[in-house]
Amino acid sequence: MTTKPPRKFFEPLAIGAPLPFRELPPALERMIHFFPPHVEKLRNRLPEMIREVDVLLGNLEDAIPIEAKEAARAGFIKAGIDNDFGDTGLWVRVNALNSPWFLDDVSEIVAAIGDKLDVIMLPKVEGPWDIHYVDQLLAQLEAKHKVTKPILVHALLETALGVANVEAIAGASPRMHGMSLGPADLAASRGMKTTRVGGGHPFYGVLADPTKDGSARPFYQQDLWHYTVAKMVDACQAHGIRAFYGPFGDFDDSDACEAQFRNAFLMGCAGAWSLHPKQIDIAKRVFSPDADEVRFALKILQAMPDGSGAVMIDGKMQDDATWKQAKVIVDLARRVAARDPAMKEAYGL
C-alpha cells in the first residue's frame, strides 16, 4: 500500500498534536494582503489593516533581502504578539524548503505564536513529499508548544513539476488549506517568454481568418494562465480545499488587475493576493458576489427550499443544478455580509 488508509489520514502525526480538521473551517478570504514584517512603519499600520482585509500575510520569502530575513521573521512574530486579529486570518509565507531559513522560520514562529497562526504558505511546492515533511514537522512543533488548533498549509504552484503534481499535492494532508498560482516563478520554470507577473501578454492570442477585402485581421488576446488556474481549481475543489489567484504585478493597471481577478473568481477561486493597498478594494469588489445575482439566487433557494423539482423564475427555468449554483453564491454572500454591513444591506440579508 502506497497511500494512507482513511483511518490513518486524520490521525495526529505527533503525540499531543491537535486533531486535524476533517473539513476546512468556513472563512472569508477574498484577498491575501502581503506585508513586509521587517519594516516597522508598515507593522505599525497593522491595527488599521486588520479591519480592512480578510487575510494578512507576513512575507518572509521573495522580495525580502537576504540581510533582512531574520529581521522579517522577528518582525512577524512581534506583529503576531502585539495585535488582536479577530476574524482576520494571520498567515505567513516562509522561505522555501531548500533555503537556510526555512527551519528557523517554522520553528520560531510556531513556538512564539502558534495559537495565533492560521496558515503557513509554502513556496515552490513540487510534490506531496514536500507537504508530508511540513505536515510531520508542524505536528511535532504543535505538540511541543501545546498549540491547540492545527496550523494549515497553503501550497504555491510555482514550478512545472508542481503543476504536474497538483492533484497529489491537493490530497497530501488534511492540513492542506489551498493553493495559489505563482505566475512569475512558474513562467521561468516553464521557459515562458514573459517578464510580467500575472495577467496576460499582448502577443499571446488568436488571429482571425483573413478578410475578403484584405483589411487588418483582428487579434484577440488570450489568457496565459487559464489552463493552470482551471487545473488548480479542479484539484482543490475535488479535495475540499481553496484555490487562489496569486499576484498581479502591474500596480498601475487596475483595469487589467480587476479583469484577471474576475476571471479567477468566475472560474472558482476564493480570492487573490493583494500586494498594493489599491488592490484590496479590487479584490473586495471582485470576490464578493454581485448584489443582483445574490438577490436572484435567494429567489431560487426560496422557491426550491429542498433543491428538488423545477420552477420558473423571471422567465427562466431553475432546477437542482441551478439551485446548487445559487447556494454557492448565497453561502459566499452570507460570509461577506458578516464582515461588511453595507454589502449585507445590498444583499437583503
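Which charged end sits over the ring of Phe-10? I began my notes with this question, and I found that the charged end of Arg-22 lies over that ring, 4.4 Å from its centre. I keep in mind throughout that this is a predicted model. I then looked up another case of this kind, and I noted that Lys-69 is placed over the face of Trp-101, at 5.2 Å from the ring centre.

**Entry on strand S4**

I turned to strand S4, which spans residues 119-122, and I followed its side chains: Val-119 and Met-121 point one way, Ile-120 and Leu-122 point the other way, and all are buried. I next asked which strands pair with S4, and I found that strand S3 (residues 89-93) pairs with S4 in the parallel sense over 3 bridges. Within that pairing, I noted that Val-92 has Ile-120 of S4 as its bridge partner. To get from S3 to S4, the chain passes through helix H5 (residues 102-113), and I recorded this β-α-β crossover as right-handed.

I also looked at strand S5 (residues 152-157), which runs parallel to S4 and is joined to it by 4 bridges. Here the bridge partner of Leu-122 is Ala-155 in S5. I wrote down a β-α-β unit for this part too, made of S4, helix H6 (residues 128-144) and S5, and it is right-handed.

**Entry on Phe-102**

I looked up Phe-102, which is found in helix H5. Its relative accessible area is 3%, so I count Phe-102 as buried, since the cut-off for buried is under 20%. Leaving aside residues up to four places away in sequence, I listed what Phe-102 touches, including Leu-122, Tyr-133, Val-134 and Leu-137. I also compared positions along the chain and in space: Phe-102 and Leu-60 are 42 residues apart in sequence, while their C-alpha atoms are 9.5 Å apart.

**Entry on aromatic pairs**

How many aromatic pairs does the structure hold? I found 7 aromatic pairs. One of them is formed by Trp-91 and Phe-244, which are edge-to-face, with 6.2 Å centre to centre and 75° between the planes. I noted that this pair links distant parts of the chain, with Trp-91 in strand S3 and Phe-244 in strand S9 (residues 242-245), 153 residues apart. Both partners are buried, Trp-91 with a relative accessible area of 1% and Phe-244 at 0% relative accessibility.

I then examined Phe-261 and Phe-287, whose ring centres are 6.0 Å apart and whose planes lie at 50°, so I recorded the pair as tilted. Phe-261 lies in helix H11 (residues 254-267) and Phe-287 in the loop between helix H12 (278-286) and helix H13 (291-303), so the pair ties together parts that are 26 residues apart in sequence. I found Phe-261 buried, and Phe-287 likewise.

**Entry on Arg-30**

Is Arg-30 buried or exposed? I located Arg-30 in the loop between helix H1 (6-9) and strand S1 (31-35). At 4% relative accessibility, Arg-30 counts as buried. I found that a polar contact of 2.8 Å joins its side chain to that of Ser-288. Not counting residues up to four places away in sequence, Arg-30 touches several residues, among them Asp-54, Lys-284, Phe-287 and Val-336.

Conventions. Residues numbered from 1 in each chain as written. Predicted model: local features only at pLDDT ≥ 70, side-chain atom pairs only at ≥ 80, totals over all residues. Heavy atoms only, no water. Buried < 20%, exposed > 50% of the residue type's maximum accessible area, 1.4 Å probe, protein only. Helix = DSSP H or I, 4+ residues; strand = E, 2+ residues; numbered from the N terminus. Pairing = 2+ DSSP bridges. Right-handed = clockwise from strand over helix to strand, strands pointing away. Phe/Tyr/Trp six-rings, centres within 6.5 Å; stacked < 30°, edge-to-face > 60°. Lys NZ or Arg CZ within 6 Å of the ring centre and 35° of its normal. Polar contact = N/O pair within 3.5 Å; in protein donor to acceptor, adjacent residues only side chain to side chain. Contact = heavy atoms within 4.5 Å.
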